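Try each task before reading its solution.

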Amino acid sequence: MAVVVIGKQVLEKEWLAARSTEVNRSGVDLTTTHAPSRDHSPWIEAVVPGTVLATLLKNKLIPDPFYGLENESITDIADSGRQYYTFWFFIEFECKLSANQHVDLNFRGINYWAEVYLNGNKEVLPKGMFRRHSIDITKILNPNGKNMLAILVHPPDHPGRIPTQDGQGVRHEIRKDVAAQYVDGWDWMTPIRDRNTGIWDEVSLYVTGPVKIVDPHLVSTFFDHYNRVYLHTTMELVNRSNMVVECSLHFQVGTELEGNIYHVEHVHTQNLSIPAASRIQYTLPELFFYKPNLWWPNGMGKQSLYNVEITVDVKGYGESDSWHQHFGFRKIESHIDSVTGGRLFKVNGQPIFIRGGNWISSDGLLRLSKKRYKTDIKFHADMNLNMIRCWGGGLAERPEFYHYCDIYGLLVWQEFWISGDYNEKGIPLPNQVGPLDHDLFMVCVRDTVKLLRNHPSLALWVGGNDQPPPNDINTAIKNELKLHPYFESCNNEYKYSKDLKDPISEYLDGTRIYVQASTWDGFGNGNGDLAKGPYEIQNPEDFFKDDFYKYGFNPEVGSVGMPVADTVRATIPKQGWNIPLFKELSNGYVHEVPNPIWNYHKYIPHSKPGSVHNQILLYGTPKDLDDFCLKAQLVNYTQYRALLEGWSSHMWRKYTGVLIWKTQNPWTGCRGQLYDHLHEQTAGFYGCRCAAEPIHVQLNLATYFVEVVNTTSEELSDVGIEVSVWDLEGACPYKQVFDRLNIPSKQTLAISEMKYPKSENPKPVYFLLLKLYKMSDNKILISRNFYWLHLPGGDYKLLEQYKRNKVSLKISSLTSIRGSSYEVRMQIENTSKKPESTSALQNSNLLGKKPSLFDKILENISAKKSIDKGVTEINGSSAGVAFFLHFSVHACKEDEREGEDSRILPVHYSDNYFSLVPGEVMTVSLTFEVPKGITPRVMLRGWNYQDGHMLL
């Protein structure tokens, strides 16, 4: 057996599990004389990291709780008792140490507490979902290197009973524990029957020499307009030997150039002595950097990351331990804005207008993975969002989540595990009693801060959702997370790093603000009065009105989020495919009545009787599930684009930011989402992507003025805007051009009113195309925005017959393949008859990409890739707009079963749910992974192409 090397070994395979009541052996027996076997009941393959329910589902011992009404057939812990979900987990591993080596058994997250047995030795892991555990197992490893580990995991102490009537956090008993609170159910979430009991995060072995590095803290300070930068580092060093050791501490900072090639920026070595069997805190001398590459949020600049490596060598032994971390140089400041009253954030001295979303968890059964996190976070970046709020009823998110936020530039608002409680009518309940163990809560707070504090994406800490923690906890957190004086000063009063007499990296954090709750201190009305929302359908124009929201920063505002029809079929049985009933009320509004399965999946209607007419019926009565979901996507796109455009219209004058409630669901819900649990985007995803462009042209739906939003730090000079209206016959009856415009930085500028509705004989339904372009450089397109509109008091029912208008398209494709990774570039051209007055901007390849890009890509493509080109022509008899086109990717299999969901997910599209006017050209890229043995096929559908066309 090979001797293990210094570093981490993750234990993620070959785990077994069994219900504790079905195991008649003790932990000592299981790890000495009676090792479990997968071949013998009751032991089954376990999901680690994951939950008990995830393990039961993997072994098909329960139905999928996220499918249809199956969750109702799964035993709830309130009915079974906690013992029912108390489970053993078992694994065998090899580990044989050499002289002077030490090994820790590390747990990054267990819910809720556990008894650990290793080779017959017992250790109890204390309570708390959000704390790490580390056990020195050096002396209890078996001499032959073969070891047996059994863990008895106990559920939360107060799992609670699910109320008979749904409510928003109705009297959650689990709030008495330090654990995720959403698991008792919410108005958007079904209850999780095991309350997320399990080994929900990484388990690993960590081998070191005599000295171990623990929780380094990296902090950067900036001077002389960010030209002079200092890196401060503090860590704990643990000497496990019985003698004084002489050490060399090596500190290296570099950047990755290409592949595994690094450019080393700094190397520093420090010699020190560590007393025997001791634990010391050590602060390195600060390192100076001149004009380092800064880390910027999404839409503001590049996410520059440096590789920091700390290694400790022990005299007479050699390398004892090493630690690695990606680190970004950036400074985040925040204060309450005097103009809007909202909280304002600055990154590297530049104000950032926050457009982000609320986040619960990637998966309700905590089947978390790097691959899933990467998709989730890239989706948020694809939508041009710049902040994610980790909501207080959910998780302290994992380092992998933050790693991808670092890479893709998503600022993170991390909340601790407090949430306001409500009665069945949604009225807040006073005198919150949880958590019961205040000391435990603070242990979890400190450990979470140490786990996450080095990530540049982490922007602020927040005490809880809606309500602050109990007074003593709130005070303790404020003290623990107090800012270092350097970060208290927004004006950089410190001239030089030597003025930092109080070592900044010795603070628990010291660099980020702490806000006591999500509707306090610059969020909502700032006083905790739940001034947030609304959460349902709106008239799109209302988002632009001055009286829509009173305060400067809205932490939660949401709307609908109906998934596509394929997702409904994949997650709901056939008896649940019937669409809602539309009941007309005496006041002329419509009340939607969904079927019981949709209701269970938290569907919310597309109307608000008394104020908002049904937004789906504006397009005509849907005839079936496909028609309903397609019209729902039109509504999704319109709602979420209007939401963000409405906020951007008031940027800095009235608002400093907004967070959508929510961007995603941790289960197969039918509300408040921009992509579903299967990773299929709704059209609202692309409405957000359009509206949140850093530079954006838009129509104010309340005033009908064309506006340009410039969120960047640079003035936009010498630009033009083309405004064109297209009718359902393919004609262009209205066109305006504005040129030689200058748009100030960080400002929204109203340009001119779009007057087509006031013109003579306007059409009742029409299309509007806005294009913002650079006057020089061959009129390179900067922003493009396409609307479908009706006259005041009208509807979109004429679009129903427009489905019959078949518009000609030409689609050229270029496919590159590397292993299982596919990249497909589609060039789509509307080849129907062009109007007499042809636009100079028919090419809509965003950011100046021209159709000839295909040839350039082909010339420069890597020889390691397989290339395929193709051309498809769709012939049509009508001239006009090719409306609401959308791609999807499917698996082509010989043994495909009827009704099987053939989609390949996830797919990253550069755009989707787009429209093309006559003569217009657009390029869309698709990237995705294909399972082994599967041939992918790309499908194009649209309002005029309901049957779909297979392109590859």
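A cavity is a set of grid points where a 1.4 Å probe fits but cannot get out. The structure shown is a predicted model.

**Exercise 1. Cavities**

Task: State how many cavities of 30 Å³ or more the structure holds, and describe the largest cavity.

Solution. 
- Step 1. Start with the count: there are four cavities of 30 Å³ or more.
- Step 2. Take the volume of the largest cavity, which is about 110 Å³.
- Step 3. Look at what surrounds the largest cavity. Its lining is made of 15 residues, and L218, F327, R330, T511 and R512 lie nearest the centre.
- Step 4. Strand β11 (residues 211–223) does, with four residues.
- Step 5. Sort the lining of the largest cavity by class: five residues are nonpolar, six are polar and four are charged.

**Exercise 2. The second largest cavity**

Task: Give the volume of the second largest cavity, and sort its lining by class.

Solution. 
- Step 1. The volume of the second largest cavity is about 60 Å³.
- Step 2. Find the residues around the second largest cavity; among them are P563, T567, H601, C670 and H677.
- Step 3. By class, this lining has four nonpolar residues, six polar ones and one charged one.

**Exercise 3. Cysteines**

Task: Find how many disulfides the structure holds, then examine C670 and C690.

Solution. 
- Step 1. Recall the cut-off: the two cysteine sulfur atoms of a disulfide are within 2.5 Å.
- Step 2. With this cut-off, the structure holds zero disulfides.
- Step 3. For C670, the nearest cysteine sulfur belongs to C629 and is 8.4 Å away, and C670 is in no disulfide.
- Step 4. For C690, the nearest cysteine sulfur is that of C688, 9.8 Å away, and C690 is in no disulfide either.
- Step 5. Check the surroundings of both residues. A residue is buried if its relative accessible area is under 20%. C670 has 3% and is therefore buried. C690 has 9%, so C690 is buried as well.

**Exercise 4. A sheet and one of its strands**

Task: Write down the strand order of the six-stranded open sheet, and explain why β9 is described as largely enclosed.

Solution. 
- Step 1. Strands of a sheet pair through backbone hydrogen bonds, in either a parallel or an antiparallel sense.
- Step 2. Here the order is β3-β2-β4-β9-β6-β7, and the pairing is antiparallel.
- Step 3. Identify the edge strands. They are β3 (44–45) and β7 (121–125), since each pairs on one side only.
- Step 4. Follow the neighbours of β9. Strand β4 (residues 87–94) pairs with β9 over eight bridges, in the antiparallel sense; one of the bridges sets F93 against N147.
- Step 5. On pairing with β6 (residues 113–118), β9 is again antiparallel, over six bridges. Here A114 stands opposite V153 of β9.

**Exercise 5. Aromatic pairs**

Task: The whole structure has 59 aromatic pairs. Classify the pair Y603 and F628 and the pair F887 and F914.

Solution. 
- Step 1. Recall the cut-offs: planes under 30 degrees apart count as stacked, over 60 as edge-to-face, and the rest as tilted.
- Step 2. The ring centres of Y603 and F628 are 6.5 Å apart and the planes are at 45 degrees, so this pair is tilted.
- Step 3. Y603 is in the loop between α10 (596–600) and α11 (625–649), and F628 is in helix α11, so the pair ties together parts 25 residues apart in sequence.
- Step 4. Check burial. Y603, at 6% relative accessibility, is buried; F628, at 0% relative accessible area, is buried too.
- Step 5. For F887 and F914, the ring centres are 6.0 Å apart and the planes are at 40 degrees, so this pair is also tilted.
- Step 6. F887 belongs to strand β41 (residues 882–892) and F914 to strand β43 (residues 914–916), so parts 27 residues apart in sequence are tied together. Both F887 and F914 are buried.

Key:
Residues numbered from 1 in each chain as written. Predicted model: local features only at pLDDT ≥ 70, side-chain atom pairs only at ≥ 80, totals over all residues. Heavy atoms only, no water. Buried < 20%, exposed > 50% of the residue type's maximum accessible area, 1.4 Å probe, protein only. 1 Å grid on protein atoms, 1.4 Å probe; cavity = no way out; pocket = protein on both sides within 12 Å on 5 of 7 lines; lining within 4 Å. Points joined across faces, edges and corners; volume = space filled by probe spheres on them. Helix = DSSP H or I, 4+ residues; strand = E, 2+ residues; numbered from the N terminus. Nonpolar A, V, L, I, M, F, W, Y, C, P; charged D, E, K, R; others polar. Pairing = 2+ DSSP bridges.
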